[in-house]
Amino acid sequence: MKETGQTALPYRSDIDGLRAIAVLAVVFYHFNLPYVTGGFIGVDIFFVISGFLIGSILWREYDRSGTIWLRHFYMRRFRRLAPAFFVMALLTTGVAWAILLPFEFREYGKALIASTIYLSNVLFYRQAGYFDTVSEDKPLLHTWSLAVEEQFYIFLPLAILLLARWRAGLVGFLVAIWALSLVACVALTPTYSTATFYLFPFRAWELLSGVLLAIWGIHSRRQWRGYSVLSVLGLALLIFGLVTIEAGPAFPGAQAMLPVFGTVLLLANGTGRNMVNRLLSHRWPVFIGKISYSLYLWHWPVYTLSTYLRGGDMPLAESVLWMGLSFVLAWLSWRFVEQPVREARGLSGVCVLGGTVAASGILLLIGSTLYTRNGLPDRFGPEVRPHIQASADFLQDWSRCEVPQSGALAGLEVCPIGPEGPPRVLVWGDSHVRAFREGLDLAAHEAGTPGIILWRSGCPPLFGIRKVESAATQAQDLACTRANKQIRQSFGRMESLEKILLVGRWTYYSGGTGVGLDAENRIAVYPVDGPVDEAQPQSERIAEAAAATVAGLMDFFDEIAVLRQPPEIAEYDSRRAAREAAHRAIPLAAVPVTRDSIPRSALAARVTEAEAPWREMAASGAVIWIDTWPRLCDQTECDALHDGTGFYFDNNHLTNSAAIALRDLFAPVFGGEKRQTALR
């Protein structure tokens with residue numbers, strides 16, 4: 001980083017070498033190169049470097065003049081960071097326009113707005129976790145770290161200005177913030193890892209580690225030669241973190257101390273003549289360090305958009321080729337965008353500010369257009385639209401839901417459906433309840449029958465069992481067991497309830513696996529009490545739990561209904577089908593694998609075993625069996641599309657359109673004739 005004027009820092013090639021370690025770690029990790037399980041700690045290295053350099057610049061100015069000039073500081077930041085970001089954002093938007101589906105392009109517009117105003121870390125915190133698989137569908141996710149740094153660029157100068165007349169108090173204030181941030185990060189990561197990962201207050205200690213190092217060096221007039229053994233130790237901490245830290249909810253927490261303190265040691269001893277500093281100052285690490293900002297900007301859009309176009313994970317050799325494209329784009333950005341703007345002596349501050357404001361306005365206009373116009377769905381032809389509509393038809397209205405603080409269902413999310421009033425019907429189940437929510441609500445309104453929904457994803461509505469699921473955490477599995485136990489104990493205390501509807505993916509629980517495109521999902525079911533008979537087939541455990549559940553429900557409900565699980569269209573997913581149809585004419589697009597129908601014969605074996613206990617109880621009159629299949633299948637096959645409308649979101653969940661179309665099936669549950677209302 002080059003700065004002009006009296007605050008300029010002597011160039012240190014070792015810092016560019018350290019930047020190379022940081023950016024290569026992140027790039028290798030994202031492109032799934034082996035042995036770099038902790039490559040994401042490269043961001044932590046960047047944070048310390050930024051804190052050290054910005055702290056050095058600002059503190060030198062403060063030490064010399066007793067104040068700092070915000071105008072000069074921010075003009076340098078804009079000149080250094082803005083041009084490459086704007087070019088990346090505009091070109092990424094162009095590619096995203098060609099390949100992202102409307103719902104995803106709409107979300108991209110929101111991210112474009114947030115990244116332009118340096119709040120993308122807050123946006124992504126509210127949406128999901130960095131290590132979630134859905135993160136790979138967010139081309140601007142990497143801007144979260146840029147937002148953290150920009151927030152730091154606001155915090156530190158203002159802190160210095162506000163406490164400028166109290167030098168000792170200023171240093172003490174920064175130390176106190178450093179300590180509070182570190183303690184909060186370590187203490188809260190186990191329970192609030194998404195917040196501690198994304199939000200500035202929990203990352204401030206990393207940047208302040210560099211700032212405090214810079215202040216100490218300026219006051220002690222350090223030349224940063226230090227000791228060779230400390231350089232070796234610093235590099236060892238970084239390498240150890242890169243190969244041992246793993247992605248997940250334990251990071252950042254205490255694990256982030258490895259890259260932070262390792263970077264501090266390398267910076268504090270970076271000009272000494274030793275093997276580590278010679279390695280960092282070699283021309284190749286220095287070159288990569290010089291293009292590190294552009295490489296960081298470009299690598300993630302290249303990875304996410306190529307993965308999106310290619311249909312998922314790629315072989316290592318192909319990943320390396322796409323990674324090579326990232327390096328090419330980074331060099332072009334550095335050579336023709338970063339350097340010319342930074343070295344343009346005739347480019348005044350007014351021009352820099354005006355260009356920044358204008359470019360920001362363009363990005364904000366584009367982002368708001370994408371968001372308000374729902375991702376521009378007219379970009380695609382009629383053969384794509386049913387799948388696109390289905391992919392966006394899975395957001396339900398949960399605004400009436402609440403979590404009671406007392407009573408039989410205290411602590412559980414309770415979602416009313418139908419008209420206001422004491423609930424007469426309980427709908428209990430898994431994520432298939434979510435899929436049917438709009439249809440259930442409309443059916444309840446039309447019948448004039450109040451009801452409530454209790455649902456939990458991947459949690460079978462059965463008594464006396466616990467589950468271990470590959471797609472869930474241990475805490476989520478335990479929450480399922482506890483919720484079902486609480487629901488069972490609540491029935492005698494909710495006197496208005498008359499009927500109950502059980503909804504679940506019965507084939508999944510009985511067979512223990514998904515099917516087709518979600519075949520990798522696994523679930524194991526065990527009795528809550530008593531010994532586990534490992535030889536007993538899971539289908540038998542589910543059958544026993546189903547019989548016991550119905551027997552228990554008979555004590556509290558006049559009628560028990562069970563929804564027949566919609567047929568699984570094994571090789572269908574609306575998002576993937578839409579992508580395949582939209583990308584059909586694009587070079588390098590993935591080979592289509594989805595199918596929007598399935599022969600009934602292909603479902604027979606899986607379905608017969610799963611439905612056997614329910615059909616037996618229906619035959620005896622213990623339960624009402626609500627059959628969805630006649631509405632979704634003909635005599636030979638079942639289809640995901642009906643009259644040009646997408647009825648399936650993925651291979652087992654229906655869309656809102658399907659739920660509304662099938663709502664008359666719930667007449668036996670809500671009772672009475674359908675009333676024609678304005679809700680229809």
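Is Cys638 buried or exposed? I looked this up first: Cys638 has a relative accessible area of 0%, so Cys638 is buried. Here buried means under 20% relative accessible area, exposed means over 50%, and partly exposed lies in between, with a 1.4 Å probe and protein chains only.

**Ground rules**

I note that this is a predicted model, in which local features need pLDDT of at least 70 and side-chain atom pairs count only at pLDDT 80 or more, while totals for chains, interfaces and linings use all residues. Residues are numbered from 1 along each chain as its sequence is written, and side-chain values use heavy atoms, with hydrogens and water left out.

**The chain as a whole**

I looked up the secondary structure and found 26 helices and 12 strands. Helices (H or I, at least four residues) and strands (E, at least two) are DSSP runs, numbered from the N terminus.

The radius of gyration of the chain is 29 Å, close to the 26 Å that the globule rule gives for 680 residues, so the chain is as compact as a globular protein of that length. This radius is taken over C-alpha atoms, and the globule rule is 2.2 Å times the number of residues to the power 0.38. Along its principal axes the C-alpha trace spans about 90 × 55 × 50 Å.

I then checked burial for the chain: 54% of the 680 residues count as buried. The accessible surface comes to about 29,600 Å², and 60% of that belongs to carbon and sulfur atoms. These areas come from the Shrake-Rupley method with a 1.4 Å probe; for residues, only the protein chains shown count as cover.

Contacts came next, where contact means heavy atoms within 4.5 Å. Among contacts between residues at least 6 apart in sequence, 79% join residues at least 24 apart.

For the charges, I found the mean positions of the 60 positive and 60 negative ones 14 Å apart. Lys and Arg count as positive and Asp and Glu as negative, while His and the chain ends are not counted. Each charge is placed at NZ of Lys, CZ of Arg, CG of Asp or CD of Glu.

**Disulfides**

How many disulfides does a search of the whole structure find? It finds 3, a disulfide being a pair of cysteine sulfur atoms within 2.5 Å. With bonded cysteines counted along the chain, the pattern is 1-2, 3-4, 5-6.

Cys401 lies in the loop between helix H17 (385–391) and strand E1 (415–417), and Cys415 lies in strand E1, so the pair ties together parts that are 14 residues apart in sequence. The torsion about their S-S bond is about 115°, so this disulfide is right-handed. Both Cys401 and Cys415 are buried.

Next I looked at Cys459 and Cys480, joined with an S to S distance of 2.0 Å. Cys459 sits in the loop between strand E3 (451–455) and strand E4 (465–469) and Cys480 in helix H19 (residues 474–490), so the pair ties together parts that are 21 residues apart in sequence. The torsion about the S-S bond of Cys459 and Cys480 is about 85°, so the link is right-handed. Cys459 and Cys480 are both buried.

The disulfide of Cys633 and Cys638 has an S to S distance of 2.0 Å. It is right-handed, with 95° about the S-S bond. Cys633 has 11% relative accessibility and so counts as buried.

Cys185 counts as buried because its relative accessibility is 0%, whereas Cys351, with a relative accessible area of 46%, is partly exposed.

Trp205 is in helix H9 (residues 200–219). Its relative accessibility is 0%, so Trp205 counts as buried. Which residues does Trp205 contact, leaving aside neighbours within four places in sequence? I listed Trp178, Ser181, Leu182, Cys185, Ala256, Met257, Val260 and Phe261.

Asp44 belongs to helix H2 (residues 42–65). It has 1% relative accessibility, so Asp44 counts as buried. Not counting residues up to four places away in sequence, Asp44 touches Arg203, Glu206, Phe251, Ala256 and Pro259.

**Helix H22**

My last entry is helix H22 (residues 574–582), which is mostly covered, with 7 of its 9 residues buried. Among the buried ones are Arg579 and Glu580. The cover over the buried residues of H22 includes helix H4 (102–116), helix H14 (292–310) and H17.
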